[in-house]
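Here are my notes on this model, as numbered points. Please read them with the structure open.

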Amino acid sequence: MEHEITVVDLAEQPTAVVRGPASPDSISDVLGRAFEAVARAAADQGRRLAGPPFARYRTMDASGWDLEAGFPVDAPLVAASEVEPSSLPACRAARLVHTGPYDTLGEAWSEASTWLEEHGYVATDAPWESYLDEPAVAEPRTLILMPCTRVSG
């Protein structure tokens, strides 16, 4: 699997999210519930969704993830029930777009991590993926962003 990987500079983006754990078996349900809750809270507060849904992985290990899932929004929301205001950071990030089934995303993440190391970068913050297509699309596109900085030396 070979992806084109570029380094981009990103501006901070306000988001609305639901935080919590997910396992490989529960991830699609967790994300679906989070996206619905955030869309509802944004509408209730008169906020506009300002980008595709995303999942930001605070921690990852073999058993699962601690994540925040939601949407970029046009302005910060007030916390409501399980929905909280957050943001995606202003940062330099390695960027790749994976096209294919979600169960092949792990290979794309591994490729991005290897690319960072081979090109003199180190991860600096929690990475995230944005879902550019509906889940029912045969070959969905997923944008992976890994905050990073060049290693000095």
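1. Asp125 is partly exposed, at a relative accessible area of 37%. Its salt-bridge partner is Arg56, with the closest N and O atoms 3.0 Å apart. The two parts of the chain are distant: Asp125 sits in the loop between β7 (121-123) and β8 (128-131), Arg56 in strand β3, and 69 residues separate them. Arg56 is buried, with a relative accessible area of 3%. That is under the 20% cut-off for buried.

2. This is a predicted model. The protein chain has an average pLDDT of 94, and 99% of the residues score at least 70. Among the elements, strand β3 (residues 54-61) has the lowest mean pLDDT, 90. Strand β1 (residues 6-10) has the highest, 98.

3. How many salt bridges does the structure hold? There are 6. One of them joins the side chains of Glu84 and Arg19, at 2.2 Å from N to O. Glu84 lies in strand β5 and Arg19 in strand β2, so this pair ties together parts that are 65 residues apart in sequence. Glu84 counts as partly exposed, at 30% relative accessibility. Arg19 also counts as partly exposed, at 38%.

4. Another salt bridge brings together the side chains of Asp133 and Arg141, at 2.9 Å from N to O. Arg141 is partly exposed, with a relative accessible area of 36%. Elsewhere, shared partners join Arg19, Arg58, Glu68 and Glu84 into one salt-bridge network.

5. Now the strand pairing. β2 (residues 13-22) pairs with β5 (residues 83-88) in the antiparallel sense, over 6 bridges. Pro14 stands opposite Ser87 in β5. β2 also pairs with β4 (residues 64-72), again antiparallel, over 8 bridges. Here Thr15 stands opposite Pro72 in β4.

6. Which residues have the most contacts inside the largest nonpolar core? They are Leu31, Leu67 and Val83, in a core of 34 residues. β2, α1 (27-44), β3, β4, β6 (91-99), α2 (105-118) and β9 (141-150) each supply at least two residues of this core. α1 gives the most, with 9 residues. In soluble globular proteins, nonpolar side chains tend to be buried together.

7. Leaving aside residues up to four places away in sequence, Leu31 touches Ala55, Leu67, Ala69 and Tyr131. A second, separate core has 8 residues, including Val17, Phe54, Trp128 and Leu145.

Note on methods. Residues are numbered from 1 along each chain as its sequence is written. This is a predicted model: local features need pLDDT of at least 70, side-chain atom pairs count only at pLDDT 80 or more; totals for chains, interfaces and linings use all residues. Side-chain values use heavy atoms; hydrogens and water are left out. Two strands pair if DSSP finds at least two bridges between them. Helices (H or I, at least four residues) and strands (E, at least two) are DSSP runs, numbered from the N terminus. pLDDT is the predictor's confidence in each residue, from 0 to 100. A nonpolar core is a set of buried Ala, Val, Leu, Ile, Met, Phe, Trp, Tyr and Cys residues joined through side-chain atoms within 4.5 Å. Buried means under 20% relative accessible area, exposed over 50%, partly exposed in between (1.4 Å probe, protein chains only). Contact means heavy atoms within 4.5 Å. A salt bridge is a side-chain nitrogen of Lys or Arg within 4 Å of a carboxyl oxygen of Asp or Glu.
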